[in-house]
Protein chains: 2
Amino acid sequence: MSRASERAYSAIRAHLLSGSVAAGEQLTEDQLAQITGVSRTPVREAVRRLEDELLLVRSDTKRLFVADWSRDDIEEMFVLRQMLECHAAERAAKRLSREQIAALEALNSELTAAVEQSPPDVVRFLEANRAFHEAIIDAAHSPRLGQMLAKLVEAPVVLRTARTYSQSDLRQSARDHDELVAAFAARDGDWARAVMGSHLRRAFHTFAKTVGPRADDAANDQDSREA
Amino acid sequence: MSRASERAYSAIRAHLLSGSVAAGEQLTEDQLAQITGVSRTPVREAVRRLEDELLLVRSDTKRLFVADWSRDDIEEMFVLRQMLECHAAERAAKRLSREQIAALEALNSELTAAVEQSPPDVVRFLEANRAFHEAIIDAAHSPRLGQMLAKLVEAPVVLRTARTYSQSDLRQSARDHDELVAAFAARDGDWARAVMGSHLRRAFHTFAKTVGPRADDAANDQDSREA
DNA sequence: CGGGGACGTTTTGTATACAATAACCAGCGC
DNA sequence: GCGCTGGTTATTGTATACAAAACGTCCCCG
């Protein structure tokens, strides 16, 4: 994407992640144009991308709001991600080259090193983790699958920035990755799928603990929220 | 979406489906603006949607082309659709009300009637079929799942318009739908999932026969195609 | 005191002109 | 003849002005 709309995208995204805007708050294109220093045209382009990534939401009358996910929304995303990424792991098991498997091993060494620092380097961990999962998805050789997963992974990452990670959680992640590499080396798609499944489902429960208990039946209307 | 960009979207989509443009052909925003009778601004909006739906593709240098799916692309879409729609069927089995199940039954009566005409009314069949699947997806109550599926269903539909349906294919579809309704009535998610799986996988094979044999290893570069 | 409608304000949508970039082509040196 | 380089055209990207639509409010009427 071109320069201005790309800058707008990054700037708006950073602005949202910075926490300086509340979930559910209304934004206007003019505001965003001022913040980003470009005109409304590229802002609108950027906003469309962010809507697609579910970071922004439009009301029925086209007004723009900061997305605000319910616990059920988040669980839905995790369920979908699990379904898709298990599939990716299974395909990857058949397709990864020896070199690619070695690269995954290296990424996980990096990740493990980040975990075993004291205190653990969460930023370094997240980056290695992202790269690890991305490599698997790439190896699945399914461009649309990759595109869908990118959107799903994108969203929860935002909330995660606020979350505190325990070292034991991080260590478990590293062990899961080790086992994934073992499954890949054995070319065992079923094994890879199973490990990926428990890896992600556990991640959801860890995540959910910090968000709060399940809303049993609250009907929650995203769009009608006021600023 | 607003009036002009909505019109542009429909017009461009119709233009693509009409078959008057070849797959891989280059389009320009100006051309599309002329065809649709609106300015480039709403055209760009419409084009973004069509890119998202994979009907249009952009080259690395932002030039716009009519999408041209390989057999592998199509299989990928069917695989993903199967994965997601099986999930939807399973969820729907737990959530559909008696009334909704009755509505599905009615839709399938309509579909069956279209099939048993002579000659079968394919347009009527396709519309009932679309409504049937959509109702299931809606009942799954997973908005992002619905969004993803919409994109996947969208794309192959285009090619389908060119395809000829045999009456026995259509009858088998109707029977599958009957069995799905039975699975829903029994609230058996596993059954529903299984029926949906075979329904869609068979659809893929039927479809694939008309497209031609699998390309075993051709590395096929969508974006570098010339007009 | 409450509801409804007209009006001003805010916000989004569209057209158009201009800027930047990519493709094309022709001419030149080798 | 081949490949490069310059300029030329085609195409996309951005800014801005204006149009349309939605929102809020205030006043009037019941």
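Q: Which residue in S3(B) is the bridge partner of B:Leu56?
A: This is a predicted model, in which local features need pLDDT of at least 70, side-chain atom pairs count only at pLDDT 80 or more, and totals for chains, interfaces and linings use all residues; side-chain values use heavy atoms, with hydrogens and water left out. Residues are numbered from 1 along each chain as its sequence is written, and chains are lettered from A and ligands numbered from 1 in the order in which they are written. Helices (H or I, at least four residues) and strands (E, at least two) are DSSP runs numbered from the N terminus; two strands pair if DSSP finds at least two bridges between them. S2(B) pairs with S3(B) (residues 64-66) in the antiparallel sense over three bridges, and in S3(B) the partner of B:Leu56 is B:Val66.

Q: In what order do three strands form the open sheet of chain B?
A: The pairing in this sheet is antiparallel. Its edge strands are S1 (26-27) and S2 of chain B, each of which pairs on one side only. The order is S1-S3-S2.

Q: At about what angle to S2(B) does H3(B) run?
A: H3(B) lies across S2 and S3 of chain B, where contact means heavy atoms within 4.5 Å. Axes are lines fitted to C-alpha atoms, for helices over the stretch in contact, and angles run from 0 to 180 degrees between N-to-C directions. On that basis H3(B) runs to S2(B) at about 100°.

Q: Why is one side of S1 and of S2 in chain A left without a neighbour in the sheet?
A: In chain A, three strands form an open antiparallel sheet in the order S1-S3-S2. Strands S1 (26-27) and S2 (56-58) of chain A stand at the edges, so one side of each lacks a neighbour, because each has a single partner strand.

Q: Which residue in S3(A) stands opposite A:Leu27?
A: S1(A) pairs with S3(A) (residues 64-66) in the antiparallel sense, over two bridges. Within S3(A), the residue opposite A:Leu27 is A:Leu64.

Q: Which strands of chain A does helix H3 touch?
A: Helix H3 (residues 40-52) of chain A packs on the sheet, and its direction makes about 100° with that of S2(A). The strands touched are S2 and S3 of chain A.

Q: How far is a backbone N or O atom of B:Ser5 from a phosphate oxygen of DNA strand C?
A: A polar contact is a pair of N or O atoms within 3.5 Å; within protein, one must be able to donate a hydrogen and the other to accept it, and residues adjacent in sequence count only if both atoms are side-chain atoms. A polar side-chain atom of B:Ser2 lies 2.8 Å from a sugar or linking oxygen of DNA strand C, and a backbone N or O atom of B:Ala4 lies 2.8 Å from a phosphate oxygen. For the backbone atom of B:Ser5, the distance to a phosphate oxygen is 3.2 Å.

Q: Which side chain has a polar atom 2.4 Å from a phosphate oxygen of DNA strand D?
A: Sugar or phosphate holds 72% of the atoms of DNA strand D within 4 Å of the protein, and bases hold the rest. A base nitrogen is 2.8 Å from a side-chain N or O atom of A:Thr41, and a base nitrogen is also 2.8 Å from such an atom of B:Arg40. The side chain with a polar atom 2.4 Å from a phosphate oxygen is that of A:Thr61.

Q: Which helix supplies the largest share of the surface near DNA strand D?
A: H1 (3-17) and H3 of chain A, together with H3 of chain B, each supply at least two residues of this surface. The largest share, three residues, comes from H1(A).

Q: Where is B:Leu54 found?
A: Most residues other than glycine have a negative phi. Phi of B:Leu54 is near 70°, a positive value. This residue is found in the loop between H3 and S2 of chain B.

Technical notes:
A residue is near a molecule or strand if one of its heavy atoms lies within 4 Å of it.
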